[in-house]
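Reader: I would like to learn how to read the features of a model like this one, step by step. Could you take me through them, with the general idea before each case?

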Amino acid sequence: MTARLLVFAALLCALPARGSDTPLDPAVREALTPIDAPPSKVLVDYAFRGSSGVDRLISLASDSSIDAAVQIRAIRMLPLYCPQPDVGCARTTVHDALVELVQGYLTALRQTPAITLSAPDLLRLRAAVEALGATHSAMSSDVDVLTQDPRALLRHPSRDVRVTVVRALRSLRSCAAIEPLRMLMTSETNTRVQPAIRSALQNLESPGSCS
Amino acid sequence: MLRELFSVSIVLLALAGCGGGGGIGDSCGGNNDCDSKLQCLAGTCAARCDHAQECGDGYSCAEDRTCVLAHGHSGDICKSEVDCEAGLTCRINGAEVNSDHRLIASCAAETAARGAGDQCEVDTDCRRGACELGHCTDLCQVDRDCPDGSTCVTIPRVAVYGALFPGCLPTHGTLTWTIPVSSPTADVLLPIPVGAESAELVMSVDDPSQQVGAKTVLDPCGCTRYQAPCPFGEPADNEPCSDLVAAEQYFRPPGDDDIGSSDGGADGSGSNANTICGPNSCKKPANGTFGNRVRHLPALGRSVLLMPSIPSPGELKAPGAYQVEVSSFWSTGAPGSAVPHVTAVVRLGTGNMLDLHFFFLDLSDHPCTTMTGEISLSAATAPTAPYFQDTFLGELTEVFRRVGIALPTPTYEDITNQPSLDALDLGDVGSLLSLGKYADGINVFFVRSLSPLGLEAFSPSPGPAGLARTPESGIVIALDTLCYRHWDDIARLTAHQIARYMGLYHNVEPRDPRQPPDAPLWQDPIGDSDTSPDNLMYFSEHPGIQLSGGQREALAKSAVLR
């Protein structure tokens, strides 16, 4: 696992600023980049021509050498492959892949604190965080992933990252997110982020909304 | 009336010079006493008329451009407002029609209510007793009977199930009005006058968990133009409803033998007895299935029925009342319990100017500022920023110039008091679009990002053209796309969304694996649209900006243009 994270971190450091020229099946590209809507699972599976959609998607989601538009959509549509998307998909292949993806970015940030993620990489990170939230796993360990190193995400210089994390904490449906959100509410000074925290707390503190 | 005439005379006196005969303002006993370019009106030489309105109440403007005193007394049959003497109006009697299949009217006293062109809800709101298409309407025979900027056209009268009469309507522009509905499922009549290029019904329900839309559309002859796909409509061919069956019904275009108008000889004139329906008015395709001429799907909370979807000859050319069954639906497709709100918008004449209104959410510290010259894009910076003006707006202007649509100088505004909408979740898009305050043109909102991340833009399809402050009054562009794309890509993306708002569909949809392998691709039913990725309306990210002639024609009919 650690070795894979290191590889991932190494890859991350070498990310191009824009999508590279790695050949991608045009049918897969088209299925993943609809212009008006999120990608459709039926059409993406069809574009993969019989191979396991979720495995191919995880592979694309981890491949920073492909066009960012494709990779971000691949990351973000992973929760659609949860066996029961509305119920939550803790400890499934999709969930674990997303946790690994987020941890990969966090490890990269920790190991080379001097580097600043490029704009596309920030977007990839946000897509992974948002997708993890969309698994509705209700797992406190997922909350830990997003909050254990506050400097990495909850105090990230980009307010877009902070808002994404707050919304993901809400979407996870884990009551373990309430405390870090309360703490964040006392420290967050950006008035554009504060409403997201308030909304997340309001949602999680309402009866039956988290476990 | 005398005061009106006096005012007209004074103005004409000031404007015109003296001729060989009597000049403007000179006393006269007849037209021969005045210059040949003038007329004798109420004992004074005055300019000749172009419209009856210039002559005053109780006069018509004759073909020789002279004002002629009306002699219609109360109770006399009339054909035009100008047939009745001052103080009287030409009012439709009821449902009786003459040999030309036009409603019969007679002179009657005006009431102290709203004048011609004013908005109205019922006939009694109007001084002259006719409220049609949400506006008080005068009867007429020729364009001269109507005010400047208006035309005498054939109008269906909703109160008598679409029977026709000639009335004055604006030559160009849009007419918007609400249609009262009192039950969850109801038939409403959408009057289509001569000169209408497009018409739409914007339907909404207060319960956002229910869907709303049209179930059927019948044309003025009672021929079916649209049947909602299952589960909203009946499953076709005795098949149980499935996603694929619903999609097949939605995408099924009319057959080649079924595209023409179902009317009995509409020619678009205001005097012809058009929309005469006979036993063979409704063309039925030989194979028994029915192809929808209108693309429409009921949707959660709100939907738009736009006609025509396919700009083919005959569409909307026959005046008459289209009967639309409007309904709310539960998620199963069963009739719902919410009472729909219905607003109608009719576009008269075509347009070629598209007003864009740009709104900027708070974009400070945006991660993609390398594409904005390291400055925050806002209403203050966009009007002078080269990447915005030259690249983005330049490309957008070029896309629409190619189809004959000009983009005048846009408006720029910031929205800084909505922090929760800066990074927009797709579920909240209605809250943002409700801030779209311009009814003309299109409201374009630039947000930081759109979630699910990766989604680059959103547009209702079609949008409620001509209506402001609805949850669909605009389009959204996510600027995190700039982290991996350029401004010319954003321009093409924006053009695509604008075209969807205006009523265009994808030129082709991706093949659904559930379709039989030999089934045709789901295409735009516009005849000359191809399936090329070079088309602006291609379903996935491609750099194409081409539009076919039919697509151009469909855009030109949109009520967002002026």
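Author: In chain B, 62% of the contacts with a separation of 6 or more are between residues 24 or more positions apart, where two residues are in contact if their C-beta atoms, placed from the backbone, lie within 7 Å. This is a predicted model, in which local features need pLDDT of at least 70 and side-chain atom pairs count only at pLDDT 80 or more, while totals for chains, interfaces and linings use all residues. Residues are numbered from 1 along each chain as its sequence is written, and chains are lettered from A and ligands numbered from 1 in the order in which they are written.

Reader: How many helices and strands are there in chain B, and what percentage of its residues count as buried?

Author: Helices (H or I, at least four residues) and strands (E, at least two) are DSSP runs, numbered from the N terminus, and chain B has six helices and 27 strands. A residue is buried if 20 or more other C-beta atoms lie within 10 Å of its own, exposed if 12 or fewer, and partly exposed in between, with C-beta atoms placed from the backbone; by that count, 50% of the 562 residues of chain B are buried.

Reader: At what angle do helices α3 and α5 of chain B pack?

Author: Two packed helices are described by the angle between their axes and the distance between the axes. Axes are lines fitted to C-alpha atoms, for helices over the stretch in contact, and angles run from 0 to 180 degrees between N-to-C directions. Helix α3 (residues 386-401) and helix α5 (residues 487-501) of chain B pack at about 40°, with their axes 8 Å apart. Angles under 35 degrees count as roughly parallel, over 145 as roughly antiparallel, 65 to 115 as roughly perpendicular and the rest as oblique, and α3(B) and α5(B) are therefore oblique to each other. Among the residues that meet are F392(B) and L396(B) in α3(B) and I490(B) and A491(B) in α5(B). By class, this contact of α3(B) with α5(B) has nine nonpolar, two polar and three charged residues, where Ala, Val, Leu, Ile, Met, Phe, Trp, Tyr, Cys and Pro count as nonpolar, Asp, Glu, Lys and Arg as charged, and the others, Gly among them, as polar.

Reader: How do the axes of α8 and α9 of chain A cross?

Author: The axes of α8 (residues 140-147) and α9 (residues 159-172) of chain A come within 10 Å and cross at roughly 175°, which makes α8(A) roughly antiparallel to α9(A). The contact is made by D142(A), V143(A) and L146(A) of α8(A) and by V165(A), A168(A), L169(A) and L172(A) of α9(A); six of these residues are nonpolar, none polar and one charged.

Reader: Is helix α5 of chain A mostly covered or exposed?

Author: Helix α5 (residues 68-77) of chain A is mostly covered, with 10 of its 10 residues buried. These buried residues pack against α2, α3, α4, α6 and α7 of chain A.

Reader: Which strand is joined to β1 of chain B?

Author: Two strands pair if DSSP finds at least two bridges between them; four bridges join β1(B) to β2 (residues 44-47) of chain B, and the two run antiparallel. L41(B) stands opposite T44(B) in β2(B). Both faces of β1 (residues 38-41) are covered, with L38(B) and C40(B) buried on one side and Q39(B) and L41(B) on the other.

Reader: How many residues does each chain give to the contact between them?

Author: Chain B gives 29 residues and chain A gives 33.
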